[in-house]
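Hi there,

Here is the structure I said I would pass on. Have a look at it first, and my notes follow below.

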Amino acid sequence: LPVLAIAAWQWLHAPSPPPVVRAALAAAALVVLVPVLQLLLPVAGGAAREAISADLAAAGMPAVATGSLTPQATEHAVWSLLPPLALFLGCALLDHRQRRRAVQVALGLVLANLLFGFFQAGLAHGHPLRLFDNTGTGFGGALINRNHQASALVMGMLLALGLAADARRRREGEGRNRRQYAWLVAAAVCFVCIPLAGSTAGMVIGVLFLAAGVLGTGLVDVS
């Protein structure tokens, strides 16, 4: 909460950000706004909602007057979204060099967890270091299931693509850029390891975001 308050105060006194940053800030705010609206808006009618309410009443659960069937869980979701929102707002205030370092740290965490997943794959079932052996493929590292690991790898791929595009922009016209190729290798590693997580949805999302990433960062020129 202190980080969120400081970041919000800084944004109020910061110069107007570029359009892409404003769009990212709006998207982050909308993510948090969804569960908040579920708590504030009155319950919506409809046959489906009435049927669910009847089932809850039969199970002995009290009637809910808001858009959320489980207000306590929705409130918990709101509080859980505040730390990443504070981190996002804080990182968006950094200068370009500091932001690059923050992205590199985030990518490093994804790759470190991937290495931990490979380490887990060589352990016997029931080993204490296979943290979530009863879910998914056991390849999640410190993450609880296949979808979390796949999502992390997709995000790592996008971060690496962004770093590759940034390295090319900074070294444009200076010949071969080893850093650009290193980041592209990191992006490729994240992408090819998505199937190991065992998430079908993760692979579909990975393919779509790979296409969006190479086009959005300008790594592939379609003009």
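Predicted model: local features only at pLDDT ≥ 70, side-chain atom pairs only at ≥ 80, totals over all residues.

Residues are numbered from 1 along each chain as its sequence is written, and side-chain values use heavy atoms, with hydrogens and water left out.

**Overall picture**

The protein chain has 8 helices and 0 strands; helices (H or I, at least four residues) and strands (E, at least two) are DSSP runs, numbered from the N terminus. Of its 223 residues, 27% count as buried. Among contacts with a separation of 6 or more, 60% join residues 24 or more positions apart, where contact means heavy atoms within 4.5 Å. The accessible surface comes to about 13,900 Å², and carbon and sulfur atoms hold 70% of that; the areas come from the Shrake-Rupley method with a 1.4 Å probe, and for residues only the protein chains shown count as cover.

**Around Phe 118**

Phe 118 is found in helix 5. Leaving aside neighbours within four places in sequence, Phe 118 is in contact with Phe 139, Cys 193 and Leu 196. Leu 196 is 78 residues away from Phe 118 in sequence, yet their C-alpha atoms are 9.5 Å apart in space.

The structure holds 2 aromatic pairs. The rule is that rings of Phe, Tyr and Trp (its six-membered ring) pair if their centres lie within 6.5 Å; planes under 30 degrees apart count as stacked, over 60 as edge-to-face and the rest as tilted. Phe 116 and Phe 119 form a stacked pair, 6.3 Å centre to centre with 20° between the planes. Both lie in helix 5, 3 residues apart, about one turn of the helix. Phe 118 and Phe 139 form an edge-to-face pair, at 5.1 Å centre to centre and 85° between the planes. This pair links distant parts of the chain, with Phe 118 in helix 5 and Phe 139 in the loop between helix 5 and helix 6, 21 residues apart. Phe 139 is buried, with a relative accessible area of 7%.

**Nonpolar cores**

A nonpolar core is a set of buried Ala, Val, Leu, Ile, Met, Phe, Trp, Tyr and Cys residues joined through side-chain atoms within 4.5 Å. The largest has 22 residues, and Leu 107, Leu 153, Met 157, Leu 161, Cys 190 and Ile 194 touch the most other members. Helix 5 (96-121), helix 6 (146-170) and helix 7 (178-192) each supply at least two residues of this core, and helix 6 gives the most, with 9 residues. Apart from this core lies another, of 11 residues, among them Ala 28, Leu 82, Leu 85 and Ala 92.

**Salt bridges**

With a salt bridge taken as a side-chain nitrogen of Lys or Arg within 4 Å of a carboxyl oxygen of Asp or Glu, the count comes to 3. In one of them, Arg 100 joins Asp 166, with the closest N and O atoms 2.8 Å apart. Arg 100 lies in helix 5 and Asp 166 in helix 6, so the pair ties together parts that are 66 residues apart in sequence. Arg 100 counts as buried at 13% relative accessibility, and Asp 166 counts as buried at 9%. Asp 166 also meets Arg 169 (3.1 Å, N to O) and Arg 170 (3.0 Å, N to O). Arg 169 is partly exposed at 48% relative accessibility, and Arg 170 is partly exposed at 30%.

Notes
Buried < 20%, exposed > 50% of the residue type's maximum accessible area, 1.4 Å probe, protein only.
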